[in-house]
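The sequence and structure come first.

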Amino acid sequence: MRKYLMAGVVGVLAGTLVSTQFAGPLIAQEASKTSNVYEQLDLFGDVFERIRAQYVEEVDSEKLIESAIDGMLSSLDPHSSYLSPDDAAAMRVQTSGSFGGLGIEVTQEEGFIKVVSPMDGTPADIAGVEAGDFITQVDGESVLGMTLNDTVALMRGPVGEEIIITVAREGVDEPFDISIIRDVIKLTAVRARVEGNSIVLRVTTFNDQTYPNLKDGLEKSIEELGGMDNVNGIVVDLRNNPGGLLDQAIMVSDAFLETGEIVSTRGRDLEQSERVNAHAGDLAEGKPIVVLINGGSASASEIVSGALQDHHRAIVVGTKSFGKGSVQTVMPLRSDGAMRLTTARYYTPSGRSIQALGVSPDIIVEQPPRAPETDEIEDTRAQRTEADLRGSLDNDSLTEDEILQIEADREKAELAAKLRDEDFQLAYAIDLLHGLSAIGGK
């Protein structure tokens, strides 16, 4: 009995010894990490004081600290940043749909400032700025090595003043200047129009007005066509849409889905992961949908296109999207400032992350480059047909109403052909809806 008891005591002592051997180094490591953090903070304080005391010119202590905070955040990823009180206020205004500026969404890529997309109808769009352009100079000042926030600040200025940006564009040998007049940017989140029997919903951004604009525009377009029975499908145009509010992307996706997951977000703490599901009700009542995307479609645009694609609710047409699959949370700070911090990645219903990969369209359709302006006059003479020949026979198999219908259909086809010259990708999407409608009708 004594042998068993001793064995038990030895076992307990050995277990205690082993626990101490493991726990000791762990505690020491944590203490060492904490000590290193405070040493680094002391180092920061030392550098800060030396700059204040010995820099060649007097510096603003508040700006120094803001720059240090911004540097810390921008070193994490291209989308985390510090927002000064003015920047935070401007961001709140922007999400409401009206603000001053050029009308471009930019990001930083390997030290260069890259245009994600120009916004429809804004000064940058009118001046000819394109998605994928790299901004190299602003008013003659190089932006190479500048932070994203510093470059954006450089582009800001009074409404009505000219700004000249120098851009490098793929396919163009040399950088060139673009003159832009700053203006108040008033964004219409969704523009709806009718093309033939198709409804085109041009979604330019995701702000507070996006879903209400979309719903209202869709209802008016349906009414214009005389009811849903006369609608052959819907084009949701997300090209050059840089994204915006996550909740609006969810609402737009939900507008066309009856059930199933829309998006999931997963952060560092798995317990804080979220999954959002659709509610019953499809504004399109099951009509075919084509979603248009390109390299300027980012963030919220990719949530919508990915959700509709994964549920086979829409055919995605165009070119690969931008590939921003991260979620930023804006956190208020002291003095009315804020920080934009990347807190999660988002995933499409099939579980795929689009971070750095983008959404791949079901059908790749490139947009032809803009044709250069020419003074040459095209030969618009109509081709002669049998009906133009003197003494040709009449068609006796059709009534007058049927002939009028054929002529109306031909006129629609001619308008569609004209649209191909203006916007080939959109014309392709509308042709696709026409074909799907014809198959569905049969």
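## Helix on the sheet

Helix α6 (residues 210-224) lies across β10, β11 and β12, running at about 20 degrees to β10. Contact means heavy atoms within 4.5 Å. Helices (H or I, at least four residues) and strands (E, at least two) are DSSP runs numbered from the N terminus. Axes are lines fitted to C-alpha atoms, for helices over the stretch in contact, and angles between N-to-C directions run from 0 to 180 degrees.

This is a predicted model, in which local features need pLDDT of at least 70 and side-chain atom pairs count only at pLDDT 80 or more, while totals for chains, interfaces and linings use all residues. Residues are numbered from 1 along each chain as its sequence is written, and side-chain values use heavy atoms, with hydrogens and water left out.

## The sheet

An open sheet of six strands has the order β10-β11-β12-β15-β16-β19, with mixed pairing. Its edge strands, β10 (190-195) and β19 (363-364), each pair on one side only. Two strands pair if DSSP finds at least two bridges between them.

Strands β11 (residues 198-203) and β12 (residues 233-237) pair in the parallel sense over five bridges. Asp-237 in β12 is the bridge partner of Arg-202.

## Helices α7 and α8

The axes of α7 (residues 246-254) and α8 (residues 300-310) come within 9 Å and cross at roughly 25 degrees. The two helices are therefore roughly parallel to each other (angles under 35 degrees; over 145 is roughly antiparallel, 65 to 115 roughly perpendicular and the rest oblique).

From α7, Leu-246, Ala-249, Val-252 and Ser-253 meet Ala-300, Ile-303, Val-304, Ala-307 and Leu-308 of α8. The residues of this contact divide into eight nonpolar, one polar and no charged (Ala, Val, Leu, Ile, Met, Phe, Trp, Tyr, Cys and Pro count as nonpolar, Asp, Glu, Lys and Arg as charged, and the others, Gly among them, as polar).
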